[in-house]
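Subject: Structure handover

Hi,

Here is the structure for your set. My notes follow below it.

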Amino acid sequence: MSTTTDIQQSPLHDLHVLSGARLIDFHGWLLPVQYTSVIDEHQTVRKSAGLFDISHMGQLLVRGSNSFAFLQRLITGDVQRCLDKAVGVYGHLCLPSGGVIDDIFVYGGKSGQEFLVVVNSSTHEKDVAWFKQNKLEGCEVLDLEHRAALAIQGPKALEIIRETVPGIAELPRFAFQRISGDRPNDCYWGCRTGYTGEEGAEFFGPARTIATLWKQLLENGREAGLKPCGLGARDTLRLEMGYPLYGNDLSEERTSLEANMEWAIKWKKDDFIGRAALERQKAEGLKEQLFAFEILERGITRPGCHLFKDGTGGGLCTSGTFSPSLQKGIGLAYGPAAWNRPGATLEAEIHNKRVPAQVVTLPFYKK
Amino acid sequence: MTNTERRYAKSHEWVRVEGTIGYVGISDHAQHEVTDVVYAEVPKTGKTLKAGDEATTIESVKAAFSIYAPVSGTLVKANAELENDPALINKSPYDQGWMFAIEMSDPSELNALMTETQYQEFLKSPGAAGPH
């Protein structure tokens, strides 16, 4: 457990306190879990727009002539797409075993010499060590400090962004742009990415710049119904889309293939750490795999809940919640790969009672 | 004790007495800590409970919570409305969000529970974190 002395506060902390947010310790960061209610905030994002403080995410800058080759060797995604299209690329950092160290986003442009890498807070230190350990000559890894980040998400997000920051709302999904601030060091990144399945953008930059942007967006978005939203809604929103959460659905003990995320592995690119193990596993076939399920009666599976098929155990829930959009329990679980057939019936053990469940395809929430 | 007066358990249930029957729910503080209730089990009537026994469970987006009987007796009524609208526990914790009623076997147990003033004091103490 973290003590109060080593817990980190977001640069937006004072704003959260003023708006009455309930704060929790999230991997050593004191962050809002909710402002009013998880369900209200969830619906706000699905119907208008929500603003999230994501300052806990680690921001690394990789730069130098060899940056492209370095990143290409580290992640399962294809960084060539950054150079071709100036878009953010999602990928896994894998161990040689194929186990997942983290899932990350890499943003970089045509020069191939400078990339912003966004990593999870729970893996931040481990990732920095992995980057430094595998670093190539001719590139440098900076763990950026005094940074902040926010995400604005929802069907009304783009119109609010358009009114506040020029050039971002017009970008295609996954694209990004560097925005110069008022002062030379105020440069920040606007990226058309997110973790909710809605339109919107994420902004990464110096703490003061992002704090100003937070206030401007809230002001400009008031009429459209923009509200600050906490980590509680962020979790129900991401799970409705089937997006994995590192530490729950992804870990060093499971490969990208076991996580059912082959789409994040770009086989056509050159070698990367973990490739050989992943190829071998693909050829041999999977014993276990992550799959999506919904609960057919009342009940909510939580991480750690066991799942059964025809009376036989072997399934373990890694993410589970109540879906505010679907009004039922949904979850992700690891289990025998043969279970992963949409429509297959299972049983979930909830409070010592077996409740019927069904394997479904992702996303849970379809527009 | 008037019929609008509530007594509170340390586990954040309240009990309001009408004759020999005690109506039970959770406090406003507790509903706030629990967050949005999405399922509320409507307990079966007829069971005998001792003060401190688990009477029912509710579930929020966050987690499941046990609700304990603040007094001993027989569970004689349950609020069936909660099955369709569990959010009543959040919206109206002291009225429409009541959960069940107990025919008290020992009304003197009420004296061991906190008054409104004592409960408000208790909430300021470090040990008063929400239900677990």
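Helices (H or I, at least four residues) and strands (E, at least two) are DSSP runs, numbered from the N terminus. Residues are numbered from 1 along each chain as its sequence is written, and chains are lettered from A and ligands numbered from 1 in the order in which they are written. This is a predicted model, in which local features need pLDDT of at least 70, side-chain atom pairs count only at pLDDT 80 or more, and totals for chains, interfaces and linings use all residues.

**Helix α8(A)**

α8(A) is followed by Gly242(A). The phi of Gly242(A) is positive, near 80 degrees. A residue is buried if 20 or more other C-beta atoms lie within 10 Å of its own, exposed if 12 or fewer, and partly exposed in between; C-beta atoms are placed from the backbone. Because 9 of its 11 residues are buried, α8(A) is largely enclosed by the rest of the structure. Among the buried ones are Arg234(A), Asp235(A) and Glu240(A).

**Barrel**

In chain A, 6 strands close into a barrel, in the order β15-β18-β17-β16-β19-β20, with antiparallel pairing. Strands pair if DSSP finds at least two bridges between them. From one strand to the next, the twist averages 40 degrees. Axes are lines fitted to C-alpha atoms, for helices over the stretch in contact, and angles run from 0 to 180 degrees between N-to-C directions. α8(A) packs on the sheet and touches β17 and β18 (328-336) of chain A. Its direction makes about 125 degrees with that of β17(A). Contact means C-beta atoms, placed from the backbone, within 7 Å.

β19 (residues 345-350) and β20 (residues 353-360) of chain A pair in the antiparallel sense over 6 bridges. Ala348(A) stands opposite Val355(A) in β20(A).

**Backbone points to check**

- The peptide bond from Leu362(A) to Pro363(A) is cis, omega near 0 degrees. Pro363(A) lies in the segment after β20 of chain A.
- His146(A) is not a glycine, yet has a positive phi of about 55 degrees. It sits in the loop between β9 (140-143) and β10 (147-153) of chain A. His146(A) is exposed, with 8 other C-beta atoms within 10 Å.
- Asp310(A), also not a glycine, has a positive phi near 50 degrees. It lies in the loop between β16 (306-309) and β17 of chain A. Asp310(A) counts as exposed, with 7 C-beta neighbours inside 10 Å.

**Chain contact**

The contact takes 12 residues from chain A and 10 residues from chain B. On the chain A side, α2 (38-47), α8 (231-241) and β17 (312-323) give two or more residues.

Best wishes

Key:
Two residues are in contact if their C-beta atoms, placed from the backbone, lie within 7 Å.
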